[in-house]
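Student: Before we look at anything together, could you show me how to read a structure like this one, feature by feature?

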4 protein chains.
Amino acid sequence: MARRLTQRGKERRDQLMAFAAARFAEQGYHPTSVSEIVSGLGVGKGVFYWYFESKEQLFLEILKDAQTDLRRRQQQAIGDEEDPVKRIELGLRASMEWAEAHRDHNKLIQFAATEATFVPALLRGQDIAVADVVKHVKEAIAQGRIRDTDPDVLAHAMVGVVGHLTRVFIYDRGEPAEGVADAAVAFCLEGLSPA
Amino acid sequence: MARRLTQRGKERRDQLMAFAAARFAEQGYHPTSVSEIVSGLGVGKGVFYWYFESKEQLFLEILKDAQTDLRRRQQQAIGDEEDPVKRIELGLRASMEWAEAHRDHNKLIQFAATEATFVPALLRGQDIAVADVVKHVKEAIAQGRIRDTDPDVLAHAMVGVVGHLTRVFIYDRGEPAEGVADAAVAFCLEGLSPA
Amino acid sequence: MARRLTQRGKERRDQLMAFAAARFAEQGYHPTSVSEIVSGLGVGKGVFYWYFESKEQLFLEILKDAQTDLRRRQQQAIGDEEDPVKRIELGLRASMEWAEAHRDHNKLIQFAATEATFVPALLRGQDIAVADVVKHVKEAIAQGRIRDTDPDVLAHAMVGVVGHLTRVFIYDRGEPAEGVADAAVAFCLEGLSPA
Amino acid sequence: MARRLTQRGKERRDQLMAFAAARFAEQGYHPTSVSEIVSGLGVGKGVFYWYFESKEQLFLEILKDAQTDLRRRQQQAIGDEEDPVKRIELGLRASMEWAEAHRDHNKLIQFAATEATFVPALLRGQDIAVADVVKHVKEAIAQGRIRDTDPDVLAHAMVGVVGHLTRVFIYDRGEPAEGVADAAVAFCLEGLSPA
DNA sequence: AATGAATGAGTATTCATTCAT
DNA sequence: GATGAATGAATACTCATTCAT
């Protein structure tokens, strides 16, 4: 930990994280052994512990990276858009595109919620993400653009929609993110109500 | 398996399932050992294997029971309501009330999604649940009561909303199901749009 | 730990302790693996952990048992002897006889002194042992039977003589305890001075 | 091994030996890793193996150096003293002073006795030390200055006294060597008997 | 039905040692 | 001389499962 790494070292580390994330997503965290990770990469077992303190720390690191990366992506997408409703929409779409490209990380986030050890780390990132959305929602409410309801509820409802549609349509059914995002946006903006 | 059980036997079995579900939900499936389950109940290890083939089977059984139970609850709630939109609403509310009373099972469902071994069993139940909703949605569309969009998408969007709001507001923040259900229904019907 | 054991269980436990003590004494604590212990006894690895929390706990248990046993032996030997100098002599002789019969434990005591983890447990027992001797020494000093010097020093000096002579003459050279004890007693009582 | 070293090289080597000896003494030989030694000195792992063949060899080297150094110290102290009893006394005192200044090495000697691998090397040095004392004892016996008993026994008894009093009073209780040496000499010359 | 002892393959992790740079 | 990355055998320990009683 806190090791200073050479270029080569940094690459190894990334390689380990990517490979592990893929295995964790595919079969689950526990069923994936450290042995499997290193032998899958054709390296000795010591390599793993040269770069990570433990399997648990590795997981946490992957988790944190994923959350950071997603957030960066959303902020990029939103840019300096003025309209808060438009910002919400851009955020939703960015989430789904990111999710399409990072299905592994998404599964890990879901898993993290099921194990006491990982919940705190998970929530830390999740709170930040929701806070971002809440900001836009509040602004839109102030402008009378969206219904005056608890912004926290609205934000979480959208997170629920995006997350679930992603899992079902993008991951399980392999549909392209764009179309699914259209549907998600439409649902979030209008619900079931006919245009 | 498929053992014929006395009354006392049935109680033991239920006791094991309930205790295990609680531990699985609290700390996770893998971190909970069979030892912990039996010693938590003050019985010998043989008892476990008298009633269940394996830890995995036990999990599957809990999962199936939970899904069956939820469905029964929804159908009861809907009764013979004529209005398809109302039926949807009743279904949503029933889900949340059930979830409030069975948080353990809900967490297990979430976990099942993260481990390859359990996914098939999970999906079987989930498909049935969504199919129920889809039926109502289709009917409502036919009546022009809700937007004419892929009913599958709408159904899953609602599942996402209900699931996530449940986890955040009912489980994490301890709010009563009723209020959260109001918010969920409102969001599903109207989205963000102002009244 | 704190397990209630059947008769058979008690025997297994003793068997493990005896075998482990022998290996620890022969090759050292660290070079002796748990694997070696269980396979030497022809049992599965789980057996070890059924009876002991860890290798370290096992060592500690052996240590404590040894110290307790030695003390009991000394007290038996001393009985209700009135003369304090005689009591000291009987104690020294008892130590050496015990040491002859328990060379394994003696080596473990020596090892325990070299590893920070075991020192506290070791000292606890050692202090008790020395306190016993000190009591007799004080009494003898009061009677003018032995030199009026710090009883603690005298007690420890004797412990040093007995311990070292045991190791060299009984263990390494295989001489019978009785003769060595004669020499030890003589040295303690008279030092180098000619009769 | 048998590498020819520059001045700087010799210093590195000594530094490694001193640091390792300190750690070995403090926590034990096995619990101290090569990693810990090199990182404690802020150097890379290769350095260790540049100077020593193995961890085991390092230990052996420290052990040998210590024994050699102690012996040199004793011979210096004895000088050309004529009186054999006085020579014994000077030797005892020198041992204790040396031990006070080299507590690390003393602990290593003790540890070496508990591990089969190190016993041979240990005994080699110990035999020489005892032989030195035995020589003086024999001479003193011939002069009728001390009791006519197996000189070997007497020598070892003294080694035991000195070793144990050193550990308890100098190491554990931090008393100054001189006073403890007085007590040790007195005990060796007179035993418990009143002046 | 139930107990508690036993099994042994499997897990994460450590660590002495090697080696390319 | 020195670094830090890599090796892989070995270790303590866990745990689902079995079985004699």
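The dialogue below takes up domains, helix packing, chain contacts, symmetry and the DNA surfaces.

Tutor: This is a predicted model, in which local features need pLDDT of at least 70 and side-chain atom pairs count only at pLDDT 80 or more, while totals for chains, interfaces and linings use all residues. Residues are numbered from 1 along each chain as its sequence is written, and chains are lettered from A and ligands numbered from 1 in the order in which they are written.

Student: Which domains does the assignment give for chain A?

Tutor: Domain bounds come from an automatic or database domain assignment. For chain A that assignment gives domain 1 (1-53) and domain 2 (55-190), and the centres of these two domains, taken over C-alpha atoms, are separated by 27 Å.

Student: How many residues does each domain of chain A bring to the contact?

Tutor: Two residues are in contact if their C-beta atoms, placed from the backbone, lie within 7 Å. On that basis domain 1 of chain A provides 11 residues and domain 2 of chain A provides 12 residues. The largest share of the domain 1 side, 6 residues, comes from α1(A), where helices (H or I, at least four residues) and strands (E, at least two) are DSSP runs numbered from the N terminus. By class, the domain 1 side has 9 nonpolar, 1 polar and 1 charged residues; here Ala, Val, Leu, Ile, Met, Phe, Trp, Tyr, Cys and Pro count as nonpolar, Asp, Glu, Lys and Arg as charged, and the others, Gly among them, as polar.

Student: At what angle do helix α1 and helix α4 of chain D pack?

Tutor: Axes are lines fitted to C-alpha atoms, for helices over the stretch in contact, and angles run from 0 to 180 degrees between N-to-C directions. Helix α1 (residues 7-27) and helix α4 (residues 55-78) of chain D pack at about 90 degrees, with their axes 10 Å apart. That makes α1(D) roughly perpendicular to α4(D), since angles under 35 degrees count as roughly parallel, over 145 as roughly antiparallel, 65 to 115 as roughly perpendicular and the rest as oblique. The contact is made by D:M17, D:A20 and D:A21 of α1(D) with D:L58, D:E61 and D:I62 of α4(D), a set with 5 nonpolar, no polar and 1 charged residues.

Student: Which element gives the most to the side of chain D that touches chain C?

Tutor: Here 37 residues of chain D are in contact with 38 residues of chain C. Helices α1, α6 (103-112), α8 (151-172) and α9 (177-190) of chain D each supply at least two residues of the chain D side, and α8(D) gives the most, with 11 residues. That side has 19 nonpolar, 13 polar and 5 charged residues.

Student: What rotation superposes chain D on chain C?

Tutor: Copies are superposed by least squares on the C-alpha atoms of residues with pLDDT of at least 70 in both. A rotation of 180 degrees with 0.1 Å of shift along its axis brings chain D onto chain C (RMSD 0.1 Å), which is the relation of a two-fold axis. In chain D, the C-alpha nearest the axis belongs to D:G191, 1.9 Å from it.

Student: Which residues come nearest to DNA strand F?

Tutor: A residue is near a strand if its C-beta atom, placed from the backbone, lies within 6 Å of it. Of the 41 residues around DNA strand F, A:G44, A:G46, D:G9, D:G44 and D:G46 come nearest, and this surface has 12 nonpolar, 16 polar and 13 charged residues.
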